[in-house]
Amino acid sequence: MASIEEIPTHVQQAINTFVEAAKQAFESELSAIVLYGSAAEGRLRATSDVNMLLVLKRFDQAQADRMREPMRLAHAAVQMNAMFVLETEIQAAMEAFAVKFADIHARHQVLYGNDPFTHLRTAKADVVRRLKQVLLNLQLRLRERYILTSLREEQLALVIADTVGPLRASAASLRQIEGQSPLPPKQALESIVQELQDPLLNDLLHDLSTAREESQLAPGKAGSTLMNILRLIQHLRQRTERLDQP
């Protein structure tokens, strides 16, 4: 995992300021601050969010109020998002959001306190169950968004950009529960697409990266890109379903 010093200086400064503010705001109720996702592995892009997980002993209103301005400033400065989880909720969160927390477990850095994942593991059955839900939900949502926004390509490109994160995380989780060597989410999706050898998906990876980084696609491209995403998700769902077969 990359060092925090490897990310851009302004992002590093925003993270350090946020961490200090959280320590002062929550005091002894703060158990850990964890950086996760692309920033934690040194793959932060200009359009990437900075994702933080704060583990608390309890969520006190007065303490939370002290974090309002630091949170607002960090979000504005570096697109920072923060998840506030109680110590007693970690295991339940890992079971309920198994795909997301499997990704967090694989790509995180502890910036303060103890690693909350040291003795926790996401059960394979939970990941399979949640992966099925995530993929089906993506399909259903994308079908609706296509019909609703496909006449406005700029809007459809934003829908595609929002899909890239969960699609990549799903690919990484799928490889993990299949027992394959772990890969970062982007590389995991690339690996699966290459394995499929589906000519209709040849340009999809490039289009996904373009939508993610530029929030737009070439004219006439968004509709076919979304349909190819649906095609890929169907492949992923079929592959996930096979994990339940004896």
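Ala-161 touches Ala-211 and Arg-212 when residues up to four places away in sequence are not counted, contact being defined as heavy atoms within 4.5 Å. The residue is found in helix H7; helices (H or I, at least four residues) and strands (E, at least two) are DSSP runs numbered from the N terminus. Because its relative accessibility is 13%, Ala-161 counts as buried, a class set at under 20% relative accessible area, with exposed over 50% and partly exposed in between (1.4 Å probe, protein chains only). Between Ala-161 and Asn-51 there are 110 residues in sequence and 17 Å in space, C-alpha to C-alpha.

The model is predicted, so that local features need pLDDT of at least 70 and side-chain atom pairs count only at pLDDT 80 or more, whereas totals for chains, interfaces and linings use all residues. Residues are numbered from 1 along each chain as its sequence is written, and side-chain values use heavy atoms, with hydrogens and water left out.

The axes of H7 and H8 come within 7 Å and cross at roughly 75 degrees; axes are lines fitted to C-alpha atoms, for helices over the stretch in contact, and angles run from 0 to 180 degrees between N-to-C directions. H7 and H8 are therefore roughly perpendicular to each other, the category for 65 to 115 degrees, while angles under 35 count as roughly parallel, over 145 as roughly antiparallel and the rest as oblique. Residues making the contact include Leu-167, Ala-171 and Leu-174 of H7 and Leu-189, Ile-192 and Glu-195 of H8. The contact residues divide into nine nonpolar, one polar and four charged (Ala, Val, Leu, Ile, Met, Phe, Trp, Tyr, Cys and Pro count as nonpolar, Asp, Glu, Lys and Arg as charged, and the others, Gly among them, as polar).

The largest nonpolar core has 36 residues, of which Ile-160, Leu-167, Leu-208, Ile-229 and Leu-232 touch the most other members. Such a core is a set of buried Ala, Val, Leu, Ile, Met, Phe, Trp, Tyr and Cys residues joined through side-chain atoms within 4.5 Å. Helices H5 (98-106), H6 (124-149), H7 (153-177), H8 (185-196), H9 (204-214) and H10 (222-241) each supply at least two residues of this core, and H7 gives the most, with 11 residues. Leaving aside neighbours within four places in sequence, Leu-208 is in contact with Ile-160, Val-164, Leu-167, Leu-189 and Ile-229. Another core, of 25 residues, lies apart from the largest one and has Ile-15, Phe-26, Leu-54 and Val-78 among its members.

Four strands form an open sheet of mixed pairing in the order S3-S2-S1-S4, two strands being paired if DSSP finds at least two bridges between them. Strands S3 (80-86) and S4 (108-113) are the edge strands, each pairing on one side only. From one strand to the next, the twist averages 20 degrees. Helix H3 (residues 68-78) packs on the sheet and touches S2 and S3, its direction making about 140 degrees with that of S3. S1 (residues 30-36) and S2 (residues 50-56) pair in the antiparallel sense over six bridges. Opposite Val-34 stands Leu-53 of S2, and opposite Ala-32 stands Val-55 of S2. S1 and S4 also run antiparallel, joined by five bridges, with Tyr-36 opposite His-108 in S4. S1 is mostly covered, seven of its seven residues being buried.
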